[in-house]
Amino acid sequence: MSWIFRIFFGIIGLCIIIAALYGLRNLLAREQSCKAVVKQRSKKLFPVSYGGKRRDRSECKVTFLLADSQKELTFDVKEKLYDQLPRGAVGTLTWKGSWLRDFRTE
């Protein structure tokens, strides 16, 4: 029966190591900046209830098309920024690893 606990805690340990490596990779990446266009936006709503109160959670993603390399980058963004970025907006995108730092429209 103790082998179940070893497997369980081994999987949890592996998940912690993967999350730490992901964060370290983003932390050590250099900051980049480039002209970009908002290509696509997506928003998903997840219904969440706490007791008698309903508090929906939303997940917002924005896909940018880089002007220099025609490469697409997708970032998770806060709802406030999502509402400010219409499709087709042109500006300067700044990112570090897989973290969006800033997008300034022109």
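Trainee: What makes strand 1 and strand 4 a pair, and in which sense do they run?

Mentor: Two strands pair if DSSP finds at least two bridges between them, and strand 1 and strand 4 are joined over 10 bridges in the antiparallel sense, so they meet that definition. Strands here are DSSP runs of E with at least two residues, and helices are runs of H or I with at least four, both numbered from the N terminus. Within this part of the structure, S42 stands opposite K61 in strand 4. The model is a predicted one, in which local features need pLDDT of at least 70 and side-chain atom pairs count only at pLDDT 80 or more, while totals for chains, interfaces and linings use all residues. Residues are numbered from 1 along each chain as its sequence is written, and side-chain values use heavy atoms, with hydrogens and water left out.

Trainee: Why are strand 5 and strand 7 said to stand at the edges?

Mentor: The open sheet has five strands in the order 5-4-1-6-7, with antiparallel pairing. Strand 5 and strand 7 (99–105) each have a single partner strand, so one side of each is left without a neighbour in the sheet.

Trainee: Why is N26 called buried?

Mentor: Buried means under 20% relative accessible area, exposed over 50%, and partly exposed in between, with a 1.4 Å probe and protein chains only. N26 has a relative accessible area of 0%, and is therefore buried. This residue of helix 1 (residues 2–28) touches K96, G97, S98 and W99, leaving out residues up to four places away in sequence, where contact means heavy atoms within 4.5 Å.

Trainee: What makes S58 partly exposed?

Mentor: S58, which lies in strand 4, has a relative accessibility of 22%, so it falls in the range in between and counts as partly exposed.

Trainee: What makes the 16 residues a nonpolar core?

Mentor: Such a core is a set of buried Ala, Val, Leu, Ile, Met, Phe, Trp, Tyr and Cys residues joined through side-chain atoms within 4.5 Å. The largest one has 16 residues, with F64 and L93 having the most contacts inside it; strand 4 gives the most to this core, four residues.
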